[in-house]
Amino acid sequence: MRIKPLRILLYAVLLAFAAYYLMPVYVLVVTSLKGFAEVNLYRMWNPPRSFSLESFRRALFGGMGYQGLAPNILNSVVMVLPATLISAALGSLNGYIFARWQFRGANTLFTLALFGMFIPYQSILIPLVQTLRAVGLYGSIPGLILTHVIYGIPITTLIFRNYYATVPKELVEAARIDGAGLLGVYRRIMLPLSLPGFAVVLIWQFTSIWNDFLFAVTVAQNPAVQPVTVALNNLAGSFIVEWNVQMAGALLAALPTLLVYIFLGRYFMRGLLAGSLKG
Amino acid sequence: MRFKLRRDTILSVLLILPSALAIFIFVYGFIAFTAYVSFSNWNRLVPDYTFVGASNYLRLFQNPRFIITLRNLGVFTGLFVGGSLFLGFFLAVLLDRRIKAEGFFRTVYLYPLALSFIVTGVVWRWLLNPGSPQMGSTGINLLLEMMGLGFLKSGWYTDPRVGIIAVAVAAIWQMSGYVMAMYLAGLRGIPEELREAARVDGASELQIYRFVVLPLLRPITFGALIVLGHISLKIYDLVVAMTGPGPGYSCDVPAYFMWELTFRANRFAQGAGIAVILLFIVSLLIIPYLRYSLRREVEA
């Protein structure tokens with residue numbers, strides 16, 4: 001019983017921090033729900049007195065003198081789905097080989113690939129633009145997909161490699177005694193066990209590709225193919241766009257990854273830990 | 001059996017080959033090309049690969065804006081990495097005390113990580129919009145006034161003396177939950193017996209953290225340092241969405257300057273120079289880490 005006041009203090013501190021982390025979401029939600037007459041920067045913390053979805057409508061479909069985000073959200077979807085699926089498939093195959101079939105130099109090769117995960121992408125942007133131009137993919141969604149797939153190889157390989165390393169050796173040995181080769185083991189043993197690994201990688205890639213800005217703004221400068229992050233940045237940087245429309249736009253752009261986090265948070269966490277704590 | 005093993009080895013190399021080639025070209029080849037550009041005369045729209053030695057680097061280091069971005073990057077990295085580590089560790093320790101609704105707190109502290117830096121930047125630009133003396137305060141300043149903490153008000157990113165510090169405030173908000181999650185996982189991995197033994201030996205709770213817990217968490221601190229460090233050195237999107245270069249370049253960072261110089265001003269060679277310098281700084285952090293983890297795996 002002696003420690004009770006301390007417990008209360010502990011919870012008070014935890015709640016204060018919860019308020020701190022939720023503060024921006026509060027402003028986002030409250031502002032985007034307010035009617036236009038009520039929007040006032042100097043009363044931004046006040047709860048809405050009337051509810052209106054007009055900000056969302058304008059954020060999606062545009063208003064006086066500006067375009068909405070709806071086409072860009074569609075661009076993001078068209079980009080993120082294939083890019084995520086392809087990089088997960090590649091990562092699974094690479095991870096399997098690095099985890100199970102050691103050839104000479106495999107470790108060095110793996111480390112060299114990992115380095116690609118950490119580089120500042122500024123150091124590859126100039127030749128990337130030239131290369132995409134040369135193959136006719138510059139300024140297109142397929143160009144962005146290719147970019148995300150290639151620079152996703154290190155992280156997806158790493159996550160799958162660590163995942164497959166946990167599959168018991170005996171299972172693999174048993175399959176090999178039964179005559180299964182490299183691909184047989186992959187198809188019969190690894191793939192059926194891969195679901196959690198795929199969940200982690202798909203979520204990780206979905207989130208990072210959806211949230212990417214640097215590749216998007218460099219490769220897709222043309223408004224027709226811009227992903228939502230670039231369009232949101234333009235929307236928020238424009239002086240003619242109302243403040244509550246900017247907030248509604250930010251909320252819409254954040255929604256897919258937020259939903260993934262809320263409903264699949266467990267896998268999200270695992271991806272995080274895999275990305276930093278190796279082995 | 002022997003024949004089969006060899007066939008599988010060949011097959012495994014063949015399967016790895018496309019990815020290996022992609023990395024070889026798109027990472028190492030491209031880096032080499034960027035370095036090559038940085039020694040060239042390509043400072044107009046049309047490529048000009050005439051070798052000009054280190055003159056682009058010399059010009060960069062004579063450019064006051066570039067020096068400011070380097071200084072800002074140092075300040076930002078110190079604040080962001082230090083602040084996130086400290087706050088994350090603090091929250092993890094609090095959460096590790098058998099808290100009811102721990103899942104709720106964990107979810108709330110961690111969700112900013114799922115957002116893009118663009119969303120964070122857009123929101124925090126308004127939160128840290130100081131308002132004006134005539135019209136009144138807005139955002140955080142208004143909140144501080146309402147809580148009777150008006151003396152803490154600041155011009156944030158509109159004040160050149162604060163500048164990049166305001167960006168660090170938003171970045172800490174976004175990443176500290178991640179550090180919390182890592183430390184919490186680490187704390188859970190420390191057997192209770194170890195702490196109990198220290199307690200029996202008469203150690204205070206503070207001493208237990210200092211002499212038992214923190215040393216055991218060193219690999220986590222190291223991992224978090226690497227992740228936060230490389231994010232920090234590459235910081236770009238947040239600056240774009242939140243502040244731009246700011247008054248007197250007080251919010252500017254090398255990655256932002258690189259993009260402007262290259263794709264807005266068409267000074268490709270100088271932009272490439274910044275990219276190479278950035279890569280060099282990041283490598284100082286990453287290469288020892290990769291060597292360390294490779295060695296650890298070979299030993300394991």
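Here is a short briefing on the complex shown above, from overall confidence down to two individual residues. The model is predicted, and the predictor assigns the complex an ipTM of 0.92 and a pTM of 0.93. Chain A has 12 helices and 0 strands, and the largest pocket has a volume of about 880 Å³.

**Confidence**

- For chain B, the average pLDDT is 91, and 97% of the residues reach a score of at least 70.
- A friendly reminder for any stretch that scores poorly: where pLDDT is low, the predicted coordinates are not to be read in detail.

**Chain A as a whole**

- Reading from the N terminus, the elements of chain A follow the order α-α-α-α-α-α-α-α-α-α-α-α.
- Along the principal axes, the C-alpha atoms of chain A fill a box of roughly 75 × 70 × 30 Å.
- Chain A contains 279 residues, of which 58% are buried.
- Among the contacts in chain A with a separation of 6 or more, 70% join residues 24 or more positions apart.
- The accessible surface of chain A is about 11900 Å², and carbon and sulfur atoms contribute 70% of that surface.

**The largest pocket**

- Both chains take part in the lining: helix H1 (4–33) of chain A gives two or more residues, as do helix H3 (64–95), helix H7 (164–188), helix H8 (192–200) and helix H9 (205–216) of chain B.

**Two residues with positive phi in chain B**

- B:Arg98 is a residue other than glycine with a positive phi, near 45°.
- You will find B:Arg98 in the loop between H3 and helix H4 (102–110) of chain B.
- B:Arg98 has a relative accessible area of 75%, so it counts as exposed, the cut-off being over 50%.
- B:Asn266, also not a glycine, has a positive phi near 60°.
- The loop between helix H12 (254–264) and helix H13 (268–299) of chain B is where B:Asn266 sits.
- B:Asn266 is partly exposed because its relative accessibility is 23%, and buried would require a value under 20%.

Note on methods:
Residues are numbered from 1 along each chain as its sequence is written. Chains are lettered from A and ligands numbered from 1 in the order in which they are written. This is a predicted model: local features need pLDDT of at least 70, side-chain atom pairs count only at pLDDT 80 or more; totals for chains, interfaces and linings use all residues. Side-chain values use heavy atoms; hydrogens and water are left out. On a 1 Å grid over the protein atoms alone, a cavity is a set of points where a 1.4 Å probe fits but cannot get out, and a pocket is an open set with protein on both sides within 12 Å along at least five of seven lines; lining residues have an atom within 4 Å of a point. Grid points are joined across faces, edges and corners, and a volume is the space filled by probe spheres set on the points. Helices (H or I, at least four residues) and strands (E, at least two) are DSSP runs, numbered from the N terminus. pLDDT is the predictor's confidence in each residue, from 0 to 100. Buried means under 20% relative accessible area, exposed over 50%, partly exposed in between (1.4 Å probe, protein chains only). Contact means heavy atoms within 4.5 Å. Accessible areas come from the Shrake-Rupley method with a 1.4 Å probe; for residues, only the protein chains shown count as cover.
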